[in-house]
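Please read them with the structure in view.

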Amino acid sequence: MIDDRKILFSGMQATGNLTIGNYLGALKNWVKLTDEYECYYSVVDMHSITVRQDPTELRKRARKLLTLYIAAGIDPKKSILYYQSHVSAHAELAWILNCFTYMGELNRMTQFKDKSAKHADNINAGLFTYPVLMAADILLYQADVVPVGVDQMQHLELTRDLAQRFNSIYGDVFTIPEPYIGKVGAKIMSLQDPSKKMSKSDENPNASVYLMDDPDTIMRKFKRAVTDSEAVIKYRDEQPGIKNLIDIYSACTGLKPEDVEKEFYGKGYGDFKTAVGETVVSVLKPLQDRMKDLESNKDYIDGIIKDNAERAARTAEKTLRKVKKKIGYPEKIR
Ligand code: TRP
């Protein structure tokens with residue numbers, strides 16, 4: 001069979017407890033892209049260690065995330081789901097690309113600035129070259145498109161610059177990736193402070209709805225969601241709490257924000273919060289059931305991990321071999 005789908009790459013980190021933001025904002029859309037594109041979805045565990053991790057937790061969360069990809073509906077035969085650390089080409093290409101990246105370029109990365117402020121006791125070189133590893137991820141698979149949120153756009157720009165720089169020296173080695181323009185997914189904000197993105201690691205337990213929260217917890221969190229005193233359900237920036245709830249409801253139901261406004265015209269915040277909570281419960285329940293099912297099927301998941309890593313490695317190795325040859329690494333004697 002000839003596969004003429006374009007290639008798409010994306011990755012997610014397995015740190016912290018995943019929230020509905022991860023699901024509604026990214027994963028749900030990833031599923032939709034799998035028909036049109038040949039998708040590589042990685043659990044980027046190599047990126048995770050730029051911040052100190054508990055080994056047992058990291059391993060557990062990485063597996064959970066990969067299982068979640070499948071539970072969310074990504075078919076591991078149609079797409080490729082794998083741990084970044086299982087394909088050593090990522091580390092190898094990242095090293096090579098490091099030698100084509102300027103300090104000044106990395107110094108400009110806003111995520112590096114944010115993260116080094118947050119982890120002032122551990123500003124390691126990996127945190128600094130994080131975007132180069134990300135470039136390696138994307139370029140190894142000759143990805144045509146990369147769906148990322150705005151917070152990763154600067155890294156994607158750098159990826160394009162590196163690919164162009166390399167190509168201009170050595171000829172056409174890398175496909176220049178484009179950002180995926182289309183709906184990347186809703187940006188879900190904190191329920192307690194709607195000016196902040198909903199985070200996997202918020203200190204306030206009511207700020208984030210976790211994918212594995214039970215119905216009572218979900219309902220309680222929505223009931224406590226911060227709103228305003230306008231008392232109208234309108235989709236506008238002046239009402240960030242309500243806007244966020246509308247976004248969540250829209251993402252769950254597929255309705256447009258205007259339609260949500262209409263549906264709840266004249267209703268109170270209490271009723272609206274209950275409705276949002278119930279919709280989220282109805283979306284998460286089947287996902288949680290599938291997770292439980294998959295998690296009890298160890299051999300099946302193990303098989304996918306092995307098989308998909310091999311498929312990913314085959315593609316990645318092809319690019320890496322070309323790169324090594326171009327830059328003048330001596331050939332291996334066989
Ligand atoms: N840095 C991305 C994030 O934190 C994750 C990531 C790693 C990624 N490699 C990637 C995303 C390649 C897209 C493509 O969200």
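1. Lys-306 is exposed, its relative accessible area being 55%, in a model that is predicted. Its partner in a salt bridge is Glu-310, with 3.4 Å between the closest N and O atoms, and Glu-310 is partly exposed, with a relative accessible area of 39%. Both residues belong to helix 13, where they stand 4 residues apart, about one turn of the helix.

2. A search of the whole structure gives 17 salt bridges, and one of them joins the side chains of Lys-64 and Glu-295 at 3.0 Å, N to O. Lys-64 lies in helix 3 (residues 55–71) and Glu-295 in helix 12 (residues 269–295), so this pair ties together parts that are 231 residues apart in sequence. Lys-64 is partly exposed at 37% relative accessibility, and Glu-295 is likewise partly exposed, at 38%.

3. In helix 11 (residues 257–263), Lys-262 and Asp-259 are 3 residues apart, which separates them by about one helical turn, and their side chains meet in a salt bridge of 3.9 Å, N to O. Lys-262 counts as exposed at 61% relative accessibility, whereas Asp-259, at 29%, counts as partly exposed.

4. A patch of positive charge on the surface includes Lys-318, Arg-321 and Lys-332. Lys-332 is found in the segment after helix 13 (298–327) and is exposed, with a relative accessible area of 66%.

5. As for the cysteines, the structure holds 0 disulfides; Cys-99 is exposed, with a relative accessible area of 52%, while Cys-252 is buried, at 13%.

Key
Residues numbered from 1 in each chain as written. Predicted model: local features only at pLDDT ≥ 70, side-chain atom pairs only at ≥ 80, totals over all residues. Heavy atoms only, no water. Disulfide = S-S within 2.5 Å. Buried < 20%, exposed > 50% of the residue type's maximum accessible area, 1.4 Å probe, protein only. Patch = residues over 30% accessible without salt bridge, like charges linked within 9 Å, V, L, I, M, F, W, Y side chains within 5 Å. Areas by Shrake-Rupley, 256 points an atom, 1.4 Å probe, with all protein chains shown as cover. Salt bridge = Lys/Arg side-chain N within 4 Å of Asp/Glu carboxyl O. Lys, Arg positive; Asp, Glu negative; His and termini not counted. Charge placed at Lys NZ, Arg CZ, Asp CG, Glu CD. Helix = DSSP H or I, 4+ residues; strand = E, 2+ residues; numbered from the N terminus.
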